[in-house]
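Trainee: I would like to learn how to read a sheet and its strand pairing from a model of this kind. Could we take the features in turn, with the general idea before the case?

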Amino acid sequence: MNNFAGIEDDFAAFGSASVLLQSIPYDGTSTWGKGADNGFEAFLDAAENMELYDIETDSEVYTKGVHILPELTVNHSPEAVFEESYRVAKKMIETGKFPTFFGGEHSISIGVIKAFYEQYSDITVLHLDAHADLRSDYMGTPYNHACALHDASKNTNLIQVGIRSMDTSELPYFNREKCFLAEDIYGTDEWMQKSIDMMGEKVYITFDLDALDPSIMPATGTPEPGGLDWNTTIRYLRKVFEQKNVLGFDLVELAPIKGNKAPEFLVAKLYYKMLSYKFMLANQTI
């Protein structure tokens, strides 16, 4: 496997890297569009063709080091993926490095988030998504992608942004005060600081790429109209990283479309932006 963004081995080695990148290419419970298990390879290919100087932060965050861990190969059941994701996330947290995760479908986040809230009992989970993902179980398992945030809703301070699709079975677990629906935030920015003020100091971000509008992110299994645009998204994420201690994040549900590389390049850029905000903002005059 190539290094992230083609960076030199000195920056990609475990010992020198500040960032760990874990691929969990599981796509076993998605119910419509398939292909999220191929997302990581497409993401890495796009990252190799990305400029590594970030104009906004005047930085090259790759020099902090990004180490790619061996991908998780367990995929024979949702329960097994949950257990393995949980185990690996716990080990990553213990290293003291910055853990990042790449799906796969959104169910991979359940075990990861559990590892974080067990380590940090006061953690906030910031959930960007088109779907509420609050079902207690779906298709016979609580580890379905439609249940990705159910456990977090009970064990963390859950803030949801961009939601525009849900089922009535999710309403008992849905906190309207802490959910910023896509229809309510469109064309405004007051919601940004309001949502940040609801967060604790420690934050984990789980980002389902269908939070973005299909016009810029068609490469997901369940695209929904009315999503976030690029500039709104990065403005918001910058504010979160500036004001809170983001402890890790995941990006999920990239299902590549043959012949259209734009979505996977967007995801590579998004990942790099989030690292730039995490490590380089402290050097800027805000």
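Mentor: Two strands count as paired if DSSP finds at least two bridges between them. In this predicted model, that criterion gives an open sheet of eight strands, in the order β2-β1-β3-β8-β7-β4-β5-β6, with parallel pairing. The edge strands are β2, covering 66–68, and β6, covering 179–180, each of which pairs on one side only.

Trainee: How many bridges join β1 to β3, and which residue in β3 is the bridge partner of Gln22?

Mentor: Strand β1, residues 19–24, and strand β3, residues 98–103, run parallel and are joined by six bridges. The partner of Gln22 in β3 is Phe101.

Trainee: Which strands does helix α9 lie across, and at what angle does α9 run to β8?

Mentor: Angles run from 0 to 180 degrees between N-to-C directions. Helix α9, residues 262–280, lies across β1, β2, β3, β7 (202–208) and β8 (245–252), and its angle to β8 is about 175 degrees.

Trainee: Are Cys147 and Cys179 buried or exposed?

Mentor: Cys147 is buried, with a relative accessible area of 1%, and Cys179 also counts as buried, at 2% relative accessibility.

Methods: Residues numbered from 1 in each chain as written. Predicted model: local features only at pLDDT ≥ 70, side-chain atom pairs only at ≥ 80, totals over all residues. Heavy atoms only, no water. Helix = DSSP H or I, 4+ residues; strand = E, 2+ residues; numbered from the N terminus. Contact = heavy atoms within 4.5 Å. Buried < 20%, exposed > 50% of the residue type's maximum accessible area, 1.4 Å probe, protein only.
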